[in-house]
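User: Please go through this two-chain model with me, one question at a time. I would like each answer to end on the value or name asked for.

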Amino acid sequence: MAAAQAMSSARRHFRSLELVLGVLLAGGMTLAVLFSGLLFPDGGESMDLMARLTPPFQSLAHPLGTDPLGRDVLARVIVGGKISLTVGVFSVLGAVTLGTFIGLVAGYYRGITEILLMRFADIQLALPFILLAIMFLAILGTGVDKIIFFMIVAQWVQYARLVRGSVLSLRDREFILSARAIGVGNGRIILTHILPNVLGPIIILMTLQVANNILLESSLTFLGLGVDPLIPSWGGMLADGRTYLQTAWWVSVFPGLAIMFTVLGLNLLGDWLRDLLDPTGQTSK
Amino acid sequence: MSDKANRQSEALLSVRSLSVAFGTGDEAFKAVKDVSFDVQPGKTLAVVGESGSGKSVTSLAIMRLTDYTGGRITGGQVLFRPDGGEAIDLVKASDARLREIRGNDIAMIFQEPMTSLNPVFTVGNQIAETLILHQGLNGREARLRARDLLQKVRLPDADRLLDRYPHQLSGGMRQRVMIAMALACNPKLLIADEPTTALDVTIQAQILNIIRDLQAEMGTAVIFITHDMGVVAEMADDVVVMWKGEKVEQAPVRDVFAAPQHPYTRALLSAVPRLGAFTGQPLPKRTPVMVMDGGVAKPVGGTHEQDTADYTKPILQVEKLTTRFDVGKTFFGRVTHRVHAVEEVSFDIYPGETLALVGESGSGKSTIGRTLQQLVEPTGGTVRFDGRDMEAMSQAERRRLRQEIQYIFQDPFASLDPRHTVGYSIAEPIIVHGLIKDSKERTRRVHELLEQVGLQPQHAKRYPHEFSGGQRQRICIARALASNPKLVIADESVSALDVSIQAQIINLLMELQEKRRLSYLFITHDMAVVEKISHRVAVMYLGQIVELGSRRAIFENPQHSYTRKLLAAVPIADPQRERAKVRIEGEIPSPVRPVGQEPAIHRMREVAPGHWVAIEADSLRGAA
């Protein structure tokens with residue numbers, strides 16, 4: 001008992017550190033992006049061709065240097081966060097909601113419902129992603145909302161499969177049987193007994209997927225399927241800076257760091273949230 | 001004194017002031033504190049205690065297996081004399097030396113035979129591995145020897161068994177394979193950690209017999225770790241009683257039972273249900289339980305006759321209930337095999353009465369409970385609750401039935417949702433059935449229920465993992481009572497608990513029965529518990545009731561051969577008692593049958609008023 005207590009107190013300290021770091025990183029980034037219009041009224045578009053490819057930390061005007069067109073990297077990183085975060089966060093939230101719902105229904109009710117839903121998911125998984133993207137966005141047209149919609153449609157499957165798997169193992173647990181024995185109805189069992197118990201892995205997958213989708217947006221933009229390439233986004237900046245990597249590393253490294261810190265912050269928050277939701281506090285890392 | 005010194009030098013194993021801790025620094029948890037005992041060659045030492053007493057950790061520490069479970073030996077010696085010569089201190093021995101000793105001089109059997117056998121190797125290969133490793137035999141010799149060993153543990157058809165995989169064997173057979181493996185190298189010492197706890201009683205009796213016979217034959221010393229005082233009485237020469245990591249008593253087995261010295265031993269023995277303790281009494285009886293309170297054993301509760309049953313009109317009538325499950329289908333979905341879990345079972349339960357359903361695994365006793373609770377659909381038969389036919393009920397009536405019948409599961413931890421407070425879990429039936437709308441009123445009711453089961457109102461805000469096993473079962477009982485049921489189905493509800501806790505929970509159930517005139521369907525495999533709690537008993541075998549009668553009739557005048565066999569298999573917590581001469585043999589047959597092969601339904605005859613016995617066909621007599 002004493003050993004367990006020692007462990008849990010150490011864990012609690014670590015937890016609060018996780019929370020502070022997570023809020024600082026993810027929260028700071030979100031705030032900066034939200035107020036980017038105030039900070040950089042030009043939207044990171046103004047060019048200063050005389051100061052092109054200024055290295056970072058050398059002038060106050062361009063603390064993080066400039067890109068090949070002389071645009072301020074700091075401004076573009078912060079303004080670019082708008083599209084990246086919007087796409088990353090909302091596509092994941094949408095996919096989680098849809099996927100979790102389908103996974104819960106398929107895993108809990110089994111039978112023909114499950115067969116239809118899961119076969120459909122398998123078929124979708126079998127289609128090459130890029131092909132799907134070209135098809136989809138060619139029909140819908142491009143734009144931030146279309147990209148988010150497409151990502152939701154393309155990615156709900158992973159959540160549905162994850163949730164269904166967890167539900168399958170949960171539905172045979174004795175506390176579910178015991179709830180049924182008491183007379184609890186199906187809807188209530190799903191919402192109050194199954195959903196809280198599958199949240200842990202979903203949260204982890206979610207936070208990882210945000211990073212993926214930020215990069216995915218840039219790939220789609222690169223293919224001409226995404227947002228207007230002139231509007232800055234982290235993924236787009238990474239792609240632009242690639243050719244200058246040996247001579248002007250800062251052009252791509254700073255947006256890369258922005259992605260990394262955001263994702264790290266979200267991951268820490270995700271871990272913290274998962275442990276907050278788990279009263280046993282014994283979820284192993 | 002010189003005699004004692006002499007004994008010590010002869011001891012095969014001397015544990016001296018052994019201490020084991022988990023964790024480090026000030027936060028370290030001392031699982032074993034300063035424990036000493038000797039094991040004499042060829043003798044059996046039983047180490048008894050309840051969960052958390054440190055008995056298993058002690059056994060692991062002897063082989064220094066605690067190194068692999070996060071524990072540390074913080075002091076003491078474990079002196080092992082394999083040939084009566086120079087003693088080796090296993091605490092200080094090198095890893096290489098220890099590997100030579102493990103499995104060769106000291107062997108171990110664990111509780112769960114399924115998890116201790118590797119599922120991807122055949123039985124023969126696993127036994128042979130030990131032989132090749134320690135005895136340097138080649139493959140063919142090892143296989144021959146493995147076959148001998150399987151015959152030694154009385155496994156029929158040893159030749160074919162060598163090529164079977166663990167999952168193809170029953171639990172009892174797997175445990176015999178484990179014993180065969182443990183004995184492969186003629187160890188001097190065998191450590192058996194709860195080797196029969198997971199097995200049915202008739203299988204347990206067989207395994208205990210085998211261990212005893214082989215011990216006599218091979219002269220092996222045995223350390224027998226168990227919580228079951230009945231097993232202790234049957235197996236041990238000497239007993240070490242452990243409590244909270246310390247040895248509180250050590251004595252020859254007769255002395256421990258006849259004149260226990262330490263208050264804890266006295267409390268433990270008073271809590272052990274003894275078969276035959278209620279002979280001659282017409283009604284079940286509540287008796288005081290000794291509870292440890294600050295190092296002193298205090299009696300709790302009084303003696304009450306449980307005269308609660310009202311035999312005018314039954315609350316539940318079950319007639320020819322049949323439940324089967326389809327298993328094994330062809331590619332085209334045609335069913336090839338069925339589990340005949342319950343076959344034409346009939347019984348009644350009266351208000352305020354406890355009917356015990358006893359039987360071993362596969363007897364269908366739990367399926368009956370689950371069918372009554374509408375967790376499983378019956379295949380046939382009728383169930384009437386309060387005179388209403390369940391099949392004719394509307395959806396709403398069926399829901400109401402779930403309020404009037406409640407179920408308590410075996411494992412209280414598994415049956416509580418870990419994500420909700422226990423207060424929520426207890427309130428759930430009230431919410432679901434809309435019994436109390438006002439949330440303040442509901443909270444008050446939850447607090448009241450917690451108090452009724454012997455917990456405190458402030459416990460409502462805690463989560464299941466913050467409670468001990470006994471407390472959790474109290475929570476499950478509170479939850480079952482929340483909807484004011486008339487019938488409570490208790491499915492092995494006290495089987496997983498330590499005996500002292502078990503005795504308290506049984507008393508609680510009986511007290512609640514008296515206060516609320518509850519009827520219980522008490523499903524269990526434990527005959528001694530049945531004798532204590534039930535008014536009437538139904539004995540089940542392979543999905544059918546073979547004997548049904550009053551508690552006295554079943555225990556004092558058992559008629560069916562299976563009932564007798566079951567009673568004979570129960571280990572009795574009395575070392576003075578003659579060991580049963582009857583040798584129990586045979587596995588429990590499987591209830592899975594190919595489609596079209598229906599089991600024969602026994603006809604029952606009434607041998608005395610209310611005492612029904614199945615007429616035995618020769619085939620059944622052969623099996624039982």
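Analyst: Two residues are in contact if their C-beta atoms, placed from the backbone, lie within 7 Å. The model is predicted, so local features need pLDDT of at least 70 and side-chain atom pairs count only at pLDDT 80 or more, while totals for chains, interfaces and linings use all residues. Residues are numbered from 1 along each chain as its sequence is written, and chains are lettered from A and ligands numbered from 1 in the order in which they are written.

User: What share of the residues in chain A is buried?
Analyst: Chain A has 10 helices and 0 strands. A residue is buried if 20 or more other C-beta atoms lie within 10 Å of its own, exposed if 12 or fewer, and partly exposed in between, with C-beta atoms placed from the backbone. Of the 285 residues in chain A, the buried share is 40%.

User: Which residues have the most contacts inside the largest nonpolar core?
Analyst: A nonpolar core is a set of buried Ala, Val, Leu, Ile, Met, Phe, Trp, Tyr and Cys residues joined through C-beta atoms within 7 Å. The largest has 184 residues, and a second, separate core of 59 residues includes A:Tyr108 and A:Ile203. In the largest core, the residues with the most contacts are B:Ala180, B:Val232 and B:Val539.

User: How far apart do the C-alpha centres of domain 1 and domain 2 of chain B lie?
Analyst: Domain bounds come from an automatic or database domain assignment; in chain B it gives domain 1 (2-96 + 189-212 + 220-253) and domain 2 (106-184), among others. In this pair, 16 residues of domain 1 are in contact with 15 residues of domain 2. The C-alpha centres of the two domains lie apart by 24 Å.

User: Which residue stands opposite B:Ser14 in S2(B)?
Analyst: Two strands pair if DSSP finds at least two bridges between them. Strand S1 (residues 13-22) of chain B is joined to S2(B) by 7 bridges and the two run antiparallel. In S2(B), the residue opposite B:Ser14 is B:Asp38.

User: Which residue is the bridge partner of B:Glu547 in S27(B)?
Analyst: Strand S24 (residues 544-550) of chain B has 6 of its 7 residues buried. S24(B) pairs antiparallel with strand S23 (residues 536-541) over 6 bridges, and with strand S27 (residues 611-614) of chain B over 2 bridges, also antiparallel. In S27(B), the partner of B:Glu547 is B:Val613.

Methods:
Helix = DSSP H or I, 4+ residues; strand = E, 2+ residues; numbered from the N terminus.
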